[in-house]
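Okay, thanks everyone for coming.

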Amino acid sequence: MIELRAYVSNLDAVRNTLLELGSVAKGEYAFQDYIYTSLQHEGDYNLNKEFIRIRVYSETQWNQKNVELMHKIKSFQGLSGMAKIKEEFDKFEEAAKTLDGCAKLLFSYKRTGCEYALEGARIFVENVDYLPPSVEIVASSQKEVDTIFEQVRIEKIVYDSVPKLVEQSLEVNTKIDSK
């Protein structure tokens, strides 16, 4: 599967275009992601290749528990990653306890959005703290992703993972604040 994100200037325009194209709105979601790195890799990690995440849902249409722990590994940017660990919990504290002594919290951020389905593609139109509005597409081919991106008039394709993009944004803001 191909998984790519692009920044857009207007989420409402994207939503309208997707509906005009015949997509189906699957539901809204909101969650907070807590990004960790393994203590084995502390100081030498790459969030594009590997990260540990606790996701706490406040709104979801997906069939799952409210808290998800995932250790995600990506070999190649643009392709869906592999879940080394994927577990569900009822409470954040339960998930965090499993990381005691083996992972360090780096930062957290909120994401809100709506999932759409269009001819087999999953499209996520969302706001992510610290980042411009964006659209993520998960589809079976690069051509399918490119076609949808063209139709919704993207501004810029981003190849970094969301955790990496947020980390970079936080680093820039920290440098600005310290001046």
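Arginine 153 sits in the loop between α3 (142-152) and β9 (156-158); helices here are DSSP runs of H or I with at least four residues, strands are runs of E with at least two, and both are numbered from the N terminus. Before I go on, some housekeeping: this is a predicted model, where local features need pLDDT of at least 70 and side-chain atom pairs count only at pLDDT 80 or more, while totals for chains, interfaces and linings use all residues. Residues are numbered from 1 along each chain as its sequence is written, and side-chain values use heavy atoms, leaving out hydrogens and water.

Back to arginine 153, which follows α3 and has a positive phi, near 55°. Is it buried or exposed? Arginine 153 is exposed, at 58% relative accessible area. By that I mean over 50%, with buried under 20% and partly exposed in between, using a 1.4 Å probe and protein chains only.

Now α3 itself. Glu144, Val145, Ile148, Phe149 and Val152 are its buried residues. Down the helix axis they fall within an arc of 130°, so they line one face of α3; the arc is taken from the directions from the axis to the C-beta atoms. On the face turned away from that buried side, you'll find Lys143 and Glu150, both exposed.

What do the buried residues of α3 pack against? Their partners are β1 (2-7), α1 (11-20), β6, β7, β8 (134-139) and β9, with contact meaning heavy atoms within 4.5 Å.

Last one: glutamate 119, in the loop between β6 (103-118) and β7 (121-128). Glutamate 119 isn't a glycine, yet its phi is positive, about 45°. Its relative accessibility is 73%, so glutamate 119 counts as exposed.
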